[in-house]
Amino acid sequence: MVCEPSTENAKQARRRYTRGMAVAAALYVGAVFGAVSAIRYLDPPQWALVVLALLPLAPALLMLRAYMTFHAALDEFQRRMQTEALIIATAFTVFGSFAYGFLEEWANFPHLPLIWVFPVFSFTFGVAHVFVRMRYK
Amino acid sequence: MRNRLKVLRAERNWSQADLAEKLDVSRQSVNAIETGKYDPSLPLAFKIAAIFALPIEQIFSADEAAQAAE
């Protein structure tokens, strides 16, 4: 998701994005380790399990906020490239998981947890953005 | 769509970065417009026209019109 900043505002936005993502990633690691430890050692009740299971979602949403702020600071061509990469990543993730769902149900493929959807989407978005940038060079 | 951005920029001795700064866009955006890989929005096209102090049709032309003129 690397874009050349256009102006001083865009450079500031990129710095904010990097900082926001770093903070969110650190909070995510903390939330995952904290939740796993609490589930393993504290034997929490069902309602607490629900809260702990959703805990890592909060920093993941902070990542989304950091990206949306960054996206708003890009110029129209950069937004176009981001949009194309998002479409590719969305198509790959949605149709990939859809197809794998049928393979699980009808062809005895091993079960994969839904937790992999977000990492697959993020990775595909990164790869797609590199591909889109190369296409416009 | 075709454009004369590269020629107009060269006449003024501006680099892509210079033009990008005047337009408040990235250098890669100027490059994509110049090479015809990206057609700018109408507001950006008007901004380009204003910077070069030219009517928009003297900078941008449709492919068909350009071919017909040749």
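Q: In which helix of chain B is the place of B:Ser29?
A: B:Ser29 sits in helix H3 of chain B, and everything said here concerns a predicted model.

Q: Is B:Ser29 buried or exposed, and why?
A: The general idea is to count neighbours, a residue being called buried if 20 or more other C-beta atoms lie within 10 Å of its own. B:Ser29 has 28 other C-beta atoms within 10 Å, and it is therefore buried.

Q: Which other residues of H3(B) are buried?
A: Besides B:Ser29, the buried residues of H3(B) are B:Gln28, B:Val30, B:Asn31, B:Ala32 and B:Ile33. Because six of the eight residues of H3(B) are buried, this helix is largely enclosed by the rest of the structure.

Q: What covers the buried residues of H3(B)?
A: The cover comes from both chains: it includes helix H4 (76–106) and helix H5 (117–136) of chain A, together with strand S1 (2–3), helix H1 (5–11) and H2 of chain B.

Q: At what angle do helix H2 and helix H3 of chain B pack?
A: In general, an angle of 65 to 115 degrees between two axes counts as roughly perpendicular. Here helix H2 (residues 16–23) and helix H3 (residues 27–34) of chain B pack at about 105°, with their axes 8 Å apart, which means that H2(B) is roughly perpendicular to H3(B). From H2(B) the contact draws on B:Gln16, B:Ala17, B:Leu19 and B:Ala20, and from H3(B) on B:Arg27, B:Ser29, B:Val30 and B:Asn31. Sorted by class, the residues in this contact are four nonpolar, three polar and one charged.

Q: What distance separates the C-alpha atoms of B:Ser29 and B:Gln16?
A: Their C-alpha atoms are separated by 9.3 Å, while the two residues are 13 residues apart along the chain.

Q: How many helices and strands does chain B have, and in which pattern?
A: Chain B has five helices and two strands, and along the sequence they follow the pattern β-α-α-α-α-β-α. The radius of gyration of chain B is 12 Å, close to the 11 Å that the globule rule gives for 70 residues, so chain B is as compact as a globular protein of that length. Taken along the principal axes, the C-alpha atoms of chain B fill a box of roughly 35 × 20 × 20 Å.

Q: What share of the residues of chain B count as buried?
A: Of its 70 residues, 24% count as buried. Among contacts in chain B between residues at least 6 apart in sequence, 51% join residues at least 24 apart.

Methods:
Residues are numbered from 1 along each chain as its sequence is written. Chains are lettered from A and ligands numbered from 1 in the order in which they are written. This is a predicted model: local features need pLDDT of at least 70, side-chain atom pairs count only at pLDDT 80 or more; totals for chains, interfaces and linings use all residues. Axes are lines fitted to C-alpha atoms, for helices over the stretch in contact, and angles run from 0 to 180 degrees between N-to-C directions. Helices (H or I, at least four residues) and strands (E, at least two) are DSSP runs, numbered from the N terminus. Angles under 35 degrees count as roughly parallel, over 145 as roughly antiparallel, 65 to 115 as roughly perpendicular and the rest as oblique. Two residues are in contact if their C-beta atoms, placed from the backbone, lie within 7 Å. Ala, Val, Leu, Ile, Met, Phe, Trp, Tyr, Cys and Pro count as nonpolar, Asp, Glu, Lys and Arg as charged, and the others, Gly among them, as polar. A residue is buried if 20 or more other C-beta atoms lie within 10 Å of its own, exposed if 12 or fewer, and partly exposed in between; C-beta atoms are placed from the backbone. The radius of gyration is taken over C-alpha atoms; the globule rule is 2.2 Å times the number of residues to the power 0.38.
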